[in-house]
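Trainee: Could you go through this one with me, starting with the charged side chains and then moving on to the helices?
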Amino acid sequence: MEEALIDALTNCSNFQGFLFFVFHFLSEAIYQGFEFAAQRCGVDVDILYSVARQESLFQHTAKSPVGAIGLMQLLPSTASRVLKQLPEFQNTQKFDLTDPKTNTLAGACYLKDLMGRYQNNIAYAVAAYNAGESAVDKWIARREKLPDIPFFIEFIPFLFFFLFF
């Protein structure tokens with residue numbers, strides 16, 4: 001199974017391959033977690049799948065060198081801030097970010113917050129999800145004269161992203 005998973009992920013360069021992976025390798029619980037989080041937070045489920053694929057390769061126990069955890073690779077402080085805005089988590093002190101439903105819900109709500117911050121600009125929101133809001137704010141300020149989003153994306157400092165891989 002693990003070899004098939006790695007093969008599916010590495011050959012998942014088109015949308016059909018991606019959907020094949022999602023529907024054949026994700027557990028029903030993880031799939032339902034994505035659907036629930038997307039609906040609850042008002043985020044396109046395909047964007048959530050894309051973020052999770054890039055951030056963790058759908059490994060719910062993934063941990064990054066900087067301390068991000070789970071499918072959506074959230075820092076505990078970010079997850080806590082976002083989840084405490086939801087009524088069912090307001091009195092919770094500790095969150096299990098390896099739990100796919102909790103992690104995906106936190107990631108979806110955080111992405112929704114970022115979409116609001118960046119006027120529904122998905123490129124800025126996803127960049128901020130990965131690199132942090134302050135980094136993206138600096139990039140925007142430095143690149144404000146660039147004509148459009150593809151140019152913004154091309155001029156994201158590569159070294160910053162290189163450090164994560």
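Mentor: Arg81, Arg117, Glu133 and Asp137 are linked in a network of salt bridges, a salt bridge being a side-chain nitrogen of Lys or Arg within 4 Å of a carboxyl oxygen of Asp or Glu. This is a predicted model, in which local features need pLDDT of at least 70 and side-chain atom pairs count only at pLDDT 80 or more, while totals for chains, interfaces and linings use all residues. Residues are numbered from 1 along each chain as its sequence is written, and side-chain values use heavy atoms, with hydrogens and water left out.

Trainee: OK, how far apart are Asp137 and Arg117 at their closest N and O atoms?
Mentor: The closest N and O atoms of the Asp137 and Arg117 salt bridge are 2.3 Å apart. Asp137 lies in helix H8 and Arg117 in helix H6, so this pair ties together parts that are 20 residues apart in sequence; helices here are DSSP runs (H or I, at least four residues), numbered from the N terminus.

Trainee: And Glu133, which side chain does that one meet?
Mentor: Glu133 meets the side chain of Arg117 in a salt bridge, at 2.7 Å from N to O. That pair also links distant parts of the chain, with Glu133 in helix H8 (residues 133-142) and Arg117 in helix H6, 16 residues apart.

Trainee: How many salt bridges does the structure hold?
Mentor: There are 4 salt bridges, among them the one between Arg40 and Glu88, whose closest N and O atoms are 2.5 Å apart. Arg40 lies in helix H3 (residues 28-41) and Glu88 in the loop between helix H5 (76-83) and helix H6 (100-117), so the two tie together parts that are 48 residues apart in sequence.

Trainee: Switching to packing, at what angle do the axes of H4 and H7 cross?
Mentor: The axes of helix H4 (residues 45-56) and helix H7 (residues 122-131) cross at roughly 35° and come within 12 Å; axes are lines fitted to C-alpha atoms, for helices over the stretch in contact, and angles run from 0 to 180 degrees between N-to-C directions.

Trainee: Which residues meet there?
Mentor: From H4, Ile47, Val51 and Glu55 meet Ile122, Val126, Tyr129 and Asn130 of H7, contact meaning heavy atoms within 4.5 Å.
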